[in-house]
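Here is a walk through one structure, written for someone who would rather look at side chains than at tables. Have the sequence and the 3D view open as you read.

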Amino acid sequence: MSTEAPKRDQWQWENAIAGAAAGFATVAVMHPLDVVRTRFQVNDGRVSHLPGYKNTAHAIFTITRSEGLRGLYAGFLPGVLGSTISWGLYFFFYDKAKQRYARSREEKLSPGLHLASAAEAGALVCFCTNPVWLVKTRLQLQTPLHQTRPYSGLYDALRTIMREEGFSALYRGIVPGLFLQVSHGAIQFTAYEELRKTIVDLKSKGSEIQNQNPDQLLNSVDYAVLGATSKVAAILLTYPFQVIRSRLQQRPGGDGIPRYKDSWHVVKETARFESVRGFYKGITPNLLKNVPASSITFIVYENVLKLLKLARKND
């Protein structure tokens, strides 16, 4: 009986640790652009509690001047927690799903099974992390123009939301969140895996060493290109879901009534007042944040995974 399966199960935590490290590194570097993106996403031109920004550079300058570093890093703690937990769970669930599908197959997994693995992982992660993303969004939208008492932090936000709006409020935006997580992750990881296989095959043909480990063929530049390319494809196809989710997750006004009732209400109002352009508000800071961020994520993930595997071999 092969010892490969027990070894895979024994060291399953490698993927979770590598993913968590990648998520933390990504948020720490790119968070100010995340704040700018969120404020652009919800500003439909009909709200009074958000300043108007001309572009990404103007937004960063204005936030720095009026709110300081604290404004640029609003929602940083839930951002770090959410991203670290999300990436850790995502890589863990994704690898588990791939292993399950691979058990009955000798050959490499097909693009369809990579897609199914990524979709399954995305759905599970969404249910686990939606409350954290809701709090992050609300903290990022707190400005000096806000009329309601601001949340003092993650714990105060969770407690206040539970008291004023009930437990179900923590899952506002779960529907577009599910579509976003499943489709975005599925597109990104499928593109990543297929491009990775293509690069490995090309490098294998040009290598003099036969049957070389794929990990030895790829370097950090390859991982950066793979991460960035797959991310751009995913963003362009799924960005409207991000806008819908952010608008749903806004804090209710002083009367306690949410600005939008549900996802369909967001779609109708956005299409009516802003047309297609409204569904892509904030895409510039989003690309500036996520394309290099995805490169960082996959560089850290693949290299941490290599180190953990090396440590395992030395044991």
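## Ground rules

Buried means under 20% relative accessible area, exposed means over 50%, and partly exposed is in between (1.4 Å probe, protein chains only). This is a predicted model, so to speak of local features pLDDT has to be at least 70, side-chain atom pairs count only at pLDDT 80 or more, and totals for chains, interfaces and linings use all residues. Residues are numbered from 1 along each chain as its sequence is written, and side-chain values use heavy atoms, with hydrogens and water left out.

## Two glutamines

Start with Gln-142, which is buried at a relative accessible area of 15%. Gln-142 sits in the loop between helix H5 (111-140) and helix H6 (154-165); helices here are DSSP runs (H or I, at least four residues; strands are E, at least two), numbered from the N terminus. A polar atom of the Gln-142 side chain lies 2.5 Å from the backbone nitrogen of Tyr-151. Setting aside neighbours within four places in sequence, Gln-142 is in contact (heavy atoms within 4.5 Å) with Arg-39, Glu-67, Pro-150, Tyr-151 and Arg-251.

Gln-188 is in helix H7, and Gln-188 is buried too, with a relative accessible area of 2%. Not counting residues up to four places away in sequence, Gln-188 touches Trp-87, Ser-230, Lys-231, Ala-234, Ser-294 and Phe-298.

## The nonpolar cores

A nonpolar core is a set of buried Ala, Val, Leu, Ile, Met, Phe, Trp, Tyr and Cys residues joined through side-chain atoms within 4.5 Å. The largest one here has 22 residues, and those with the most contacts inside it are Tyr-90, Phe-91, Tyr-94, Ala-118, Phe-189 and Tyr-301. The elements giving two or more residues to this core are helix H2 (13-42), helix H4 (76-102), H5, helix H7 (174-206), helix H9 (220-248) and helix H11 (283-314). H11 provides the largest share, five residues.

For a look at one member, pick Tyr-94: leaving out residues up to four places away in sequence, Tyr-94 touches His-114, Ser-117, Ala-118, Ala-121, Phe-189 and Glu-193. There is also a second, separate core of nine residues, with Leu-134, Val-135, Leu-139 and Ala-169 among them.

## Salt bridges

Side chains of opposite charge can pair when their charged atoms come close. How many salt bridges does a search of the whole structure find? It turns up 17, taking a salt bridge as a side-chain nitrogen of Lys or Arg within 4 Å of a carboxyl oxygen of Asp or Glu. One of them joins Asp-44 and Arg-259, whose closest N and O atoms are 3.0 Å apart. Asp-44 is in the loop between H2 and helix H3 (56-72) and Arg-259 is in the loop between H9 and helix H10 (263-278), so this pair ties together parts that are 215 residues apart in sequence. Asp-44 is buried at 7% relative accessible area, whereas Arg-259 is partly exposed at 34%.

Glu-164 and Arg-251 also meet in a salt bridge, at 4.0 Å from N to O. Glu-164 lies in helix H6 and Arg-251 in the loop between H9 and H10, so here the parts tied together are 87 residues apart in sequence. Glu-164 is partly exposed at 48%, but Arg-251 is buried at 18%. Then there is Arg-247 with Glu-274, where the closest N and O atoms are 2.7 Å apart. That pair links Arg-247 in helix H9 to Glu-274 in helix H10, 27 residues apart, and both Arg-247 and Glu-274 are buried. Finally, Asp-34, Arg-37, Lys-136 and Lys-289 are linked in a network of salt bridges.

Searching the whole structure for disulfides (pairs of cysteine sulfur atoms within 2.5 Å) gives zero. Cys-126 is in no disulfide, and the nearest cysteine sulfur, that of Cys-128, is 9.2 Å away. Cys-128 is in no disulfide either. Is Cys-126 buried or exposed? Cys-126 is buried, at 2% relative accessible area, while Cys-128 is partly exposed at 46%.

Most residues other than glycine have a negative phi. Ser-275 is not a glycine, yet its phi is positive, at about 60°. Ser-275 is placed in helix H10 and is partly exposed, with a relative accessible area of 42%.

Notes: Polar contact = N/O pair within 3.5 Å; in protein donor to acceptor, adjacent residues only side chain to side chain.
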